[in-house]
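Dear colleague,

Please find below the structure that I am handing over to you. My notes on its helices follow directly after it.

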Amino acid sequence: MTTNNDPHAPLRDDVRLMGSLLGETLRQQVGQALYDKVEAIRVLGKQARDGDDQASLQLNQVLSALADDELLPVARAFTQFLNLANIAEQYHHIRRHRAWEHITDAPPQPGSIRELFPRLAAQGISADTLWQTVQQVDIELVLTAHPTEISRRTLIQKYDDIAECLEALDYIHLTPIERQHELAKLKRHIIAAWRTDEIRRQRPTPVDEAKWGFTTIEQTLWYTIPQFLREFDAVVFEHTGKHLPLTHAPIRFASWMGGDRDGNPNVTHSVTQEVLLLSRWQAAELYWRDIDALRAELSMEDCSPALRAIVGADCREPYRELLREVRDRLALTRDWLGARLRGEILEATNIYRTADELLQPLLLCHESLIACNMQAIADDELTNIIRRIACFGLELLKLDIRQESGRHTEALDAITDYLKLDRYQDKNEAQRQAFLLAELNNPRPLLPRQLQANANAPILTTTVQEVLATFTMLAQQPSDALGAYVISMAKQASDVLAVMLLQKEAEVPQPLRVVPLFETLADLDNAPACLDALLSIDWYKSTINGHQEVMIGYSDSAKDAGFLTANWAQYRAQEGLTAIAEKHGIKLTLFHGRGGSISRGGAPTHQALLSQPPKSVQGKIRVTEQGEMIRFKFGMKGIAIRNLELYAAATLEATLLPPPAAKPEWRELMTRMTQTSLTVYKETVRDEPEFIRYLRTVTPELELQMLPLGSRPARRQMSGGIESLRAIPWVFAWTQVRLMLPAWLGTGRALNNAMDDGFTSVIHEMRKDWPYFQTVLDMLEMVLAKSDSAIAAYYEAHLTNDPALQNLGCLLRARLEKTVGILLKVTERQQLLELSPVLKRSITVRTPYILPLHMLQAELMKRRRELAQETTIYDHALMITIAGIAAGLRNTG
């Protein structure tokens with residue numbers, strides 16, 4: 001191992017070690033000849049990265065000459081290395097965190113709770129104010145599926161095993177024999193990963209995606225949540241003198257996997273029912289394991305009178321006796337849920353129905369242990385289980401339901417048509433509101449029960465039947481298992497009232513809170529007016545208990561208007577919504593639908609939260625965590641704890657020390673720049689006649705539609721242009737060819753025009769004093785650093801000889817290079833990532849492995865298209881390159 005003082009030397013050692021073991025694996029598993037070819041490609045990739053044009057030509061020749069049966073193993077070799085490099089980088093974050101904590105008198109790590117609390121005190125925040133705010137913190141992270149992160153559960157486990165080996169090899173007290181044992185184990189795991197197919201051959205179902213989400217809980221978050229809360233509570237006590245209640249959960253989790261039916265016909269009411277059952281089954285299984293282990297631990301005899309009264313005077317092991325009943329009830333609950341999943345109907349006898357039922361005996365044990373002078377035992381695994389129940393409940397993940405507003409309109413239109421009423425679709429907004437409010441206040445059902453019961457009623461289309469069946473299914477679920485009902489493409493107050501009426505019609509006992517999602521540019525601009533109209537309805541305001549949740553969509557607005565324009569619209573919408581909620585005396589929770597990529601709202605957690613408009617956080621926030629970011633943030637226990645802490649610290653700081661409001665001159669300049677950016681974006685994306693053809697020829701946009709990368713179709717409708725394409729494949733396609741167009745198009749000219757018009761000093765002031773604008777520039781810099789016009793040109797040269805497309809590609813690449821120069825001028829730096837040397841080196845080191853994958857992907861696309869078949873021999877290798885490039889860049893769509 002390297003012993004110099006370079007803090008990143010151990011990372012290089014890990015990468016070299018795993019690269020060497022992967023090389024040995026290739027020699028053993030696929031033969032020396034293919035290994036030599038892979039190694040030659042790697043060397044050429046490194047030379048090409050360093051500017052050797054001859055090496056680039058040779059690399060192209062070697063990859064183009066690969067036989068069909070060589071394509072897959074070569075793609076797998078480079079993808080596997082990038083996955084191993086990611087594991088090494090992830091573990092290195094943990095290593096550096098530990099090294100920091102070992103330094104005597106080292107200041108607290110930036111972004112940590114320990115760093116924040118003294119700073120709050122220095123700003124005049126009292127211990128009492130801090131305590132009150134800590135108690136109000138309510139962060140809910142919503143896990144969503146993503147096509148590039150449908151790794152098989154077994155492979156995820158193998159990657160976790162590899163990370164554990166790296167950790168074991170870090171121990172300085174390993175004997176030579178122990179070290180050899182760990183190296184042999186690491187090699188076995190790498191061989192096992194190589195022999196495991198990375199990607200499913202069949203398109204994953206929504207249930208498969210949900211199971212993948214459960215894996216993240218089971219393998220990491222189940223253990224890190226109690227540890228995070230233990231550390232969080234210790235710092236809170238240190239600064240306030242008070243402990244958090246054991247049943248307080250400042251961070252919780254929800255899911256869209258199996259509940260998000262917007263544009264996904266594969267998510268039906270029966271699928272959602274299955275996912276809800278599976279989630280509760282998984283929770284019961286995990287709690288059963290916990291209680292079984294805890295029962296073995298709590299063998300002591302002394303107990304409190306309250307516990308003794310339950311177990312009896314003669315019981316020698318009171319804790320074990322009480323926990324035996326708990327364990328048995330969990331087994332009954334698990335088995336009953338398993339029978340339901342198999343389609344069997346069993347009587348629900350003595351099963352757990354609420355988290356409180358499970359909590360009560362555990363709290364009794366906790367109180368008893370403390371009363372009998374066994375606080376240390378009470379504060380160990382028993383406390384961990386209680387905290388898990390507070391966080392995960394009996395449902396593991398609360399399931400949100402998402403549906404597009406037009407589906408509800410269609411259902412109500414069919415009902416009014418059947419009842420010979422004025423058709424709902426023909427009503428204007430005022431008439432719709434009047435109709436909906438009248439029916440919401442009417443005790444009789446709108447839809448006759450016999451029609452509701454008749455799933456094949458001729459007046460109901462298949463889509464309407466499914467909408468009504470979904471609400472009927474929701475009425476049969478435990479309320480604790482459900483989260484929000486999110487309405488995508490929400491535009492007006494009636495969209496919210498419509499869902500409330502459909503819930504009333506289905507007799508949902510505890511209606512889900514209804515959350516409008518504003519996602520297009522026009523809808524974001526109209527969001528404050530829509531909320532104002534909604535909160536001005538007395539009936540509605542009286543039903544929401546003083547709280548309203550609104551979701552901000554990042555993906556569709558960026559696709560609609562470009563990154564800069566959408567980003568500013570999202571900021572202004574949050575400002576406006578916050579002001580409207582304050583006007584009506586309502587507490588507002590903003591739900592941020594962020595993705596992993598910059599153009600879809602991706603940004604480092606801490607920085608993103610601290611750049612929100614002032615007063616928009618207020619201790620409560622919901623955020624989507626998507627696919628590849630779930631593994632990135634929560635795939636390792638040490639990383640997960642750090643990210644949970646970043647969320648908690650940033651939420652508290654944004655609440656107690658909100659960022660400054662935008663100055664009038666800043667707002668004026670942002671409006672001016674976004675107008676320029678929007679014009680450029682629309683001229684290119686909407687008005688350029690060859691643009692769609694370029695997208696479909698040079699990027700893998702068409703392949704993304706055909707390959708089984710996720711349960712959701714790539715398009716909302718299979719016909720149409722950019723409008724019908726989903727935001728994820730839209731961003732994904734440009735990312736794969738490294739043009740990254742959605743994240744920068746229009747922004748360069750907007751900044752350049754502003755400086756040419758004399759606003760340079762204002763831009764520099766905004767960069768220095770406004771966290772929002774700092775974040776915009778930082779994210780733009782990161783995505784430009786990951787772009788590569790030479791790689792984009794390679795795809796173009798390999799896939800088309802059409803002069804019109806080549807001219808457009810030349811124009812786009814020239815704009816990209818000009819945007820880089822403009823950003824450097826704005827930031828007053830010489831090169832990108834000047835202040836982020838670690839990220840810069842990470843990108844540089846990965847290039848010899850990503851470059852061959854790009855070139856190989858272009859070759860696969862060429863061969864695949866020449867066959868002109870729906871399914872080809874190249875599909876599997878193509879999927880591997882897609883996943884490998886995504887892994888290499890650490891973000892996708």
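Angles between axes under 35 degrees count as roughly parallel, over 145 as roughly antiparallel, 65 to 115 as roughly perpendicular and the rest as oblique. The model is predicted, so local features need pLDDT of at least 70 and side-chain atom pairs count only at pLDDT 80 or more, while totals for chains, interfaces and linings use all residues. Residues are numbered from 1 along each chain as its sequence is written, and side-chain values use heavy atoms, with hydrogens and water left out.

Helices (H or I, at least four residues) are DSSP runs numbered from the N terminus, as are strands (E, at least two). Axes are lines fitted to C-alpha atoms, for helices over the stretch in contact, and angles run from 0 to 180 degrees between N-to-C directions.

Helix α15 (residues 405-418) and helix α19 (residues 493-506) have axes that come within 10 Å and cross at roughly 55 degrees; the two are therefore oblique to each other. Their contact (heavy atoms within 4.5 Å) involves S405, H408 and L412 of α15 and D495, A498, V499, L501 and L502 of α19.

α19 also packs against helix α20 (residues 521-535), at an angle of about 50 degrees and with the axes 8 Å apart. That makes α19 oblique to α20. Here A493, V496 and L497 in α19 meet C530, A533 and L534 in α20.

Further along, the axes of helix α32 (residues 760-769) and helix α33 (residues 771-786) come within 6 Å and cross at roughly 100 degrees. α32 and α33 are therefore roughly perpendicular to each other. The contact is formed by I763, M766, R767, K768 and D769 of α32 with P771, F773, Q774 and L777 of α33.

Finally, helix α36 (residues 837-867) has 31 residues and reaches 44 Å from its first C-alpha to its last, close to the 45 Å expected at 1.5 Å a residue (the expected span is 1.5 Å times one less than the number of residues). α36 bends by about 55 degrees at T847, and a proline, P848, follows within four residues; the bend is the angle between axes fitted to the seven residues ending at a residue and the seven starting there. After α36 comes A868, whose phi is positive, near 55 degrees.

With kind regards
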